[in-house]
Structure formats: structure tokens, C-alpha cells
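I set out here what I looked up in this structure, entry by entry.

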Amino acid sequence: MTVLYKELQPVDAYKIRLLHPFSDYDRQLLTLFYQPLIGPGAMSFFMTLWADAEQESRHEYNHYHLMNILTMPLGTIFEARISLEAIGLLRTYRKKDNDERAFVYELLPPLDAKAFFADPLLSTFLFSKIGEQSYRNLRTRFSLDARYEKGFEDVSRTFLDVYTPIQQGYSIENFGEMQFEGRNEPKGVPFLNSDFDFDLLRSGLSEQMVPKTALSSVSKGTIVKLAFLYSLTSLDMQKVIMMALDEDLKLPDERLRKAAAEFYKMNVSKEAPILHKVYVQEVPKKQAELLTRDDELVDYLENTAPIEMLRDINGKEPLSVDVQLAERLVNTHDLPVGVVNVLLQYVHLRNDGKITNKYVERIASHWMNKKVQTVRAAMEISRKEHDQYIQWKNEGQKPTAKWKPTREEKVPEWFYKKDDKQKEKSAKQATDISEERRKLLEELGVTGNGVK
């Protein structure tokens, strides 16, 4: 379980690192191989980072920028981020300075088609997502047979066919040693599983049956991935390895992968394994039992970009002046996104749908002086101000110019306390009594008009 505010906030800054430009081939791989695995949300997140990273000047953004451009709540953006990290397309670096956090997002290139299909996790995951026929079509599309014409032989010259060394009076060693930046090669899925017992695996495989050279020819990573993917124990993997040995007592990767799949089909299931995400945002204990309307509204206000909230309350695209005002409150004055949402909604409903800069800024200044930093605190102070206005109205007093509304009868729904459990209980009891009485009268043959 993860508490979102401990991981990410809209005001957190980030930069993007792209060590080497991606190619059109990378774009094809991302779209056809990775998008089915990570989903359109994570794909949009990656493509947005890629587009921003290709600018000549490296800008620093905050996550409110992403919430606006992707029209996603912060929680969805965080889920997209960790999906990219898990699949090997993103590395995230964090720096803390007192209460401020900054991130660096390093974009990683996708595996090429050969490496992707050779990875048991990725290839099986893709197979389960797109189905057998689409999977076969994709393999055929990126196979060598599809790239080269049949009947042609490679007649290219090698370096030694063209060049020969000539001795000069100096050596390149005179230039000394330096560290150079290499190409950012894709490393695939970041995978760590320390639970697999390799000692138990080896203890059940005799030297006569499985030579050490054969076992050492297979990477530990491949064995662990296959065991994880097919839910196999060390004892199960012993049987898989015995099945995979060829006539020369060698253990090719391809045979090991096929043997693991066959063992899974024979002993576990004939359906391909499916991978599920384990990330879940933490729900407060009181919300785990029952989400009230207030709780749902707080969650909406905290995790929705102000531009999206303005779309919702207006039913159309908001004016740029309103969007700029919201961005200024978040970026310049460091007001939390949820507080800005409450403020804009409050002004919109109290001021006959009009959001004026001076009115909003005056209230924002008042809330900042009161150190309003949460949605619930913003809702509470709004309710108090509304109650004060109603009191002024009932006493025949005029509210100060600071809070004068154009149309006072329209107020936000959340101004009212909705969780009056006693009233709900009484109403429910009255309903139950009336229903029981009606049933009893029916059994006695009595209707509203008298006896049947």
C-alpha cells in the first residue's frame, strides 16, 4: 500500500534526462511492443517526457504541468511512472531538500525485437495481452526474413579487407586515460528476486546428468525470470532443466524457455500466465469501511488538475485567463492543487459563475494567512464564511465588500454538512416502520380504502 502524498505532490519539480535521441525504430517498438503492456496512460506519459526532452534547453517543470497536459489526476500519473520503471523504460532519481522534492526522469530506450522476444517475461506478457495471432504477426513483421530478400548473399568487405596499419612515430596511449559517455543501451526489465534457492536447484542435479558447464551457460536471470513467470519452485526448475537438455547435454536458452512453458501447461494451467499489478494506493481506515460523499469529493479535489475541474463545473473548455490564474496560485504562491480547486469552485458558485482575479487573490491571501493547506481545511473555512454571510443576512446586516456575492442563493454542495448520521438513522427507522405496517395490513386484508 502506498500513500500518494509521501511519493509525489503537484508542486514537486522534475527534469528529464535523455542521453541519446531515440529513433523511429524505437517509436515502433514502443507503440507495438510496449504499449499493450503498460497501457495508453503510461504511453502518453512517456511520449510527453520524450517530446519535452528533445528541446534544446532543458527546462524544469513541476508535476502540475503534467496534470494539465495529460489531463490526468496525480495518482494516475504516479501509476504511469511506476509502470514505466517496472518495464525498463524509465529510471527515477529523487532529491530531498527540507520539505522540497525534485526528481530526474531518465528515459531508457526499448529493447530491440530480438531481445524483447528472447525475454521470457516480456514476450509472455505480450502474448497474454494481444493473443496468439497478433503475436505471431508481430514476430513475422520484425523477423529477418521480412527485412531481407531471399537468394541474396552478403558480400560486404570487412575492415581488414579495406585498411592496413602503417607505423607512425607515436602511440595513442600518450593521450592518457579518460572516461567517455557511451550509448545508453537498453537493459530490459529491472528484475530482482532473491527468494529463488539456487543451492537447492544444484543439489538435485548430478554432474553425470547435467554437466556444470551446461548449467553455467544459462544466466541466473533467465532461470529466476522463468521461475517467477510460471510460479515454479527450485525443485520444479530441476525437472524443467532435465527436459530442456539436448542430445549433447547442452542447455540452450530457447529449449529452456520451451521446457518451462511445457511444464507449466502440464502441471499448472493450459492458459498463458497473466501478470497483475500489485501497486495500490492506501485508503484511510475510515474510508476503507465507507466512503462518504465528503470523502469522495476530497479525493476528487486533491487529485484533479484545476483546468479539469473548471471543465467539469463549466461543462466546456475554461477561459485561458482562469487557467492562468489557477497556475499562478499553484506555481507562484505554492497553494496545494486541492486548495486551489476549492477556492475556484467556491468563487464560481458564490459569484454567479464569474471568477475574477482580484476576488480570488483576496480570498487566497486570507487563506494563506490562515495557513490553509488541505482540502478539508479549505472546505471548512468556506463553510464558516458562508455561515457568517447567512448570519449577516438574517440580522439585516450587509456583508463586507470582501465577501459580497452577486447571487447569494447558489452555494457549493459541500457547504452543507451531509453526514448527519442521526437524521439518516431516524429516517431509515421511520421507513422501516411504515413498511412493516403496510405488510401487516396486507396480511390482514386491509388496504388504504378499507377491507378487501
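**Entry 1: Helices H6 and H7**

I found that H6 and H7 are oblique to each other, where angles under 35 degrees count as roughly parallel, over 145 as roughly antiparallel, 65 to 115 as roughly perpendicular and the rest as oblique. The axes of H6 and helix H7 (residues 132-141) come within 7 Å and cross at roughly 130 degrees. Axes are lines fitted to C-alpha atoms, for helices over the stretch in contact, and angles run from 0 to 180 degrees between N-to-C directions. I listed the contact (heavy atoms within 4.5 Å): Ser 123, Leu 126, Phe 127 and Ile 130 come from H6, and Glu 132, Ser 134, Tyr 135 and Leu 138 from H7. By class, I noted 5 nonpolar, 2 polar and 1 charged residues in this contact. Ala, Val, Leu, Ile, Met, Phe, Trp, Tyr, Cys and Pro count as nonpolar, Asp, Glu, Lys and Arg as charged, and the others, Gly among them, as polar.

**Entry 2: Basis of the values**

I worked from a predicted model, in which local features need pLDDT of at least 70, side-chain atom pairs count only at pLDDT 80 or more, and totals for chains, interfaces and linings use all residues. Residues are numbered from 1 along each chain as its sequence is written, and side-chain values use heavy atoms, with hydrogens and water left out.

**Entry 3: The chain**

I recorded 22 helices and 6 strands in the chain; helices (H or I, at least four residues) and strands (E, at least two) are DSSP runs, numbered from the N terminus. Of the 452 residues, 39% count as buried. Buried means under 20% relative accessible area, exposed over 50%, partly exposed in between (1.4 Å probe, protein chains only). Among contacts between residues at least 6 apart in sequence, 73% join residues at least 24 apart.

**Entry 4: Helices H13 and H14**

I next examined helix H13 (residues 234-244) and helix H14 (residues 253-267), whose axes come within 8 Å and cross at roughly 125 degrees. H13 and H14 are therefore oblique to each other. The contact involves Asp 236, Lys 239, Val 240, Ile 241, Met 243 and Ala 244 of H13, and Arg 255, Leu 256, Ala 259, Ala 260, Glu 262, Phe 263 and Met 266 of H14. By class, I noted 9 nonpolar, no polar and 4 charged residues.

**Entry 5: Nonpolar cores**

Which residues have the most contacts inside the largest nonpolar core? I found Phe 33, Tyr 34, Phe 45, Leu 107, Leu 344 and Trp 367, in a core of 79 residues. A nonpolar core is a set of buried Ala, Val, Leu, Ile, Met, Phe, Trp, Tyr and Cys residues joined through side-chain atoms within 4.5 Å. Not counting residues up to four places away in sequence, Phe 33 touches Gln 28, Ala 113, Phe 116, Phe 117, Leu 126, Leu 138 and Phe 142. A second, separate core has 28 residues, including Val 210, Leu 215, Leu 229 and Phe 263.

**Entry 6**

In helix H3 (residues 63-70), 6 of the 8 residues are buried, so H3 is largely enclosed by the rest of the structure. These are His 63, Tyr 64, Leu 66, Met 67, Asn 68 and Leu 70. Thr 71, with a positive phi near 50 degrees, follows H3.

I placed Phe 125 in helix H6 (residues 120-130), where Phe 125 counts as buried at 13% relative accessibility. Asp 199, in helix H10 (residues 198-203), is exposed, with a relative accessible area of 56%.
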